[in-house]
Amino acid sequence: MLPSCVRVIVRDWLNANHIVLIGRQRTVLIDSGYGRDATQTLDKVSGVLAGRPLDWLVNTHCHSDHMGGNAAVRAAHACRVSIPRDEAPLIDAWDEEALWLSYADQRCERFSFDDTIAPGDEFDWGDLHWRAIAAPGHDMAALIFFCEEAGLLISGDALWENSFGILLPGPDRVTRLEATRATLETIARLPVHTVIPGHGPSFTDVKAALERSMQRLAAFERDELRMVRHVLKVMFVFSLMDRRRLAVNELDVYLESVPLYADFNRRYLGLDRKALADLIVGDLERSGAIRRIDGFLIAA
Ligand SMILES: [Zn+2]
């Protein structure tokens, strides 16, 4: 399905997929996964490189599951590191709230970058020609990478087979919703044959994927509280995967200790400790996303 110079290492939800582009001139890695699993990431990427050095690491956007291995990859390969242009101020300032780090109980080793990529920039990666396209919404600074000759789209968290990355509620909600719609419409206009998403396997039924995402987007447009609940649940499952488990009897104290949950509860929900815990965990247990075993919650 993919040209031999394009190698996709499909990971999970804690780690974004790695896309390795192996060209005659240089090798490029798109996205470095989550910091906790950086050793695994280095092994997997080295396996695909088969002895070639890694020349260049590029991020679709700066969330912990996409940039978490940046420091380790750079240390191991002494490669060039490029991030989307509009992420640079957040990375320079290492803004833990805007980057969803300690604010959301996520971790990422701080890294330095060499330069930035702007929408419209073009590259030869893996002997194919790629163009960076702005993909704001989930992350207002995100980029996607399109290769017209092969009909390939590296979509990051802008489009997955069944959805897209979380959208934050709040004062910029409408801007984010409109940007997400515009990004999906941009993708719909591109002659894409195969999408290589940030999470999940590559897929070719782009039209159906866009329809599912548009439906989800419409539901978010109708109901801000739905966005709130969705963010809380997705962030909680992420942290559960990161921590591997959480004691049920420490849940309410945990939720109070993480600024994101406390903030969201104060701004949108106004629930007591137990009700907040029930809201987040109840739905996730019912849907089978998390399980309760011997007094601990684990991600299913
Ligand atoms: Zn993301």
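T27 counts as buried because its relative accessibility is 0%; buried means under 20% relative accessible area, exposed over 50%, and partly exposed in between (1.4 Å probe, protein chains only). This is a predicted model, where local features need pLDDT of at least 70 and side-chain atom pairs count only at pLDDT 80 or more, while totals for chains, interfaces and linings use all residues. Residues are numbered from 1 along each chain as its sequence is written, and side-chain values use heavy atoms, with hydrogens and water left out.

Back to T27: this residue lies in strand β3 (residues 27–30). Strands (E, at least two residues) and helices (H or I, at least four) are DSSP runs, numbered from the N terminus. Setting aside neighbours within four places in sequence, T27 is in contact with L21, I22, L49, R52, P53, L54, D55 and W56, where contact means heavy atoms within 4.5 Å.

Now for the metal. Which residues coordinate the zinc ion? H61 (NE2), H63 (ND1), H138 (NE2) and D157 (OD) do, at 2.1 to 2.3 Å. Donors here are N, O and S atoms within 2.8 Å of the metal (3.2 Å for Na, K and Ca), and water is not among the atoms, so sites may look incomplete. Along the chain, the zinc donors follow the spacing H-x1-H-x74-H-x18-D. H61, in the loop between β4 (56–58) and α2 (64–67), and D157, in the loop between β10 (152–156) and α5 (173–189), link distant parts of the chain, 96 residues apart. Both H61 and D157 are buried.

The angles among the four donor atoms run from 86 to 176 degrees, and the zinc site is irregular. For the labels: four donors count as tetrahedral if all angles lie between 85 and 135 degrees; four count as square planar and six as octahedral if opposite donors are over 155 degrees apart and all others between 65 and 115; anything else is irregular.

A158 also sits in the loop between β10 and α5, and is buried, with a relative accessible area of 14%. Leaving out neighbours within four places in sequence, A158 touches A135, I144, F164, T183 and L184.

On to the rings: a search of the whole structure finds eleven aromatic pairs. Rings of Phe, Tyr and Trp (its six-membered ring) pair if their centres lie within 6.5 Å; planes under 30 degrees apart count as stacked, over 60 as edge-to-face and the rest as tilted. Here are two of the pairs.

| Pair | Centre distance | Plane angle | Class |
|---|---|---|---|
| W13 and W160 | 4.9 Å | 75 degrees | edge-to-face |
| F164 and F220 | 6.4 Å | 75 degrees | edge-to-face |

W13, in the loop between β1 (6–9) and β2 (18–22), is 147 residues from W160, in the loop between β10 and α5. W13 is partly exposed at 45% relative accessibility, whereas W160 is buried at 13%. F164 is in the loop between β10 and α5, and F220 is in helix α6 (residues 206–222); both are buried.

Ring pairs also link W56, F123, W125 and F145 into a cluster. The charged end of R80 sits over the ring of W56, 3.8 Å from its centre. That label needs NZ of Lys or CZ of Arg within 6 Å of the ring centre and within 35 degrees of the ring normal.

Finally, the domain assignment, automatic or from a database, gives domain 1 (6–222) and domain 2 (224–299). Their C-alpha centres lie 26 Å apart, and the contact takes 25 residues from domain 1 and 22 residues from domain 2.
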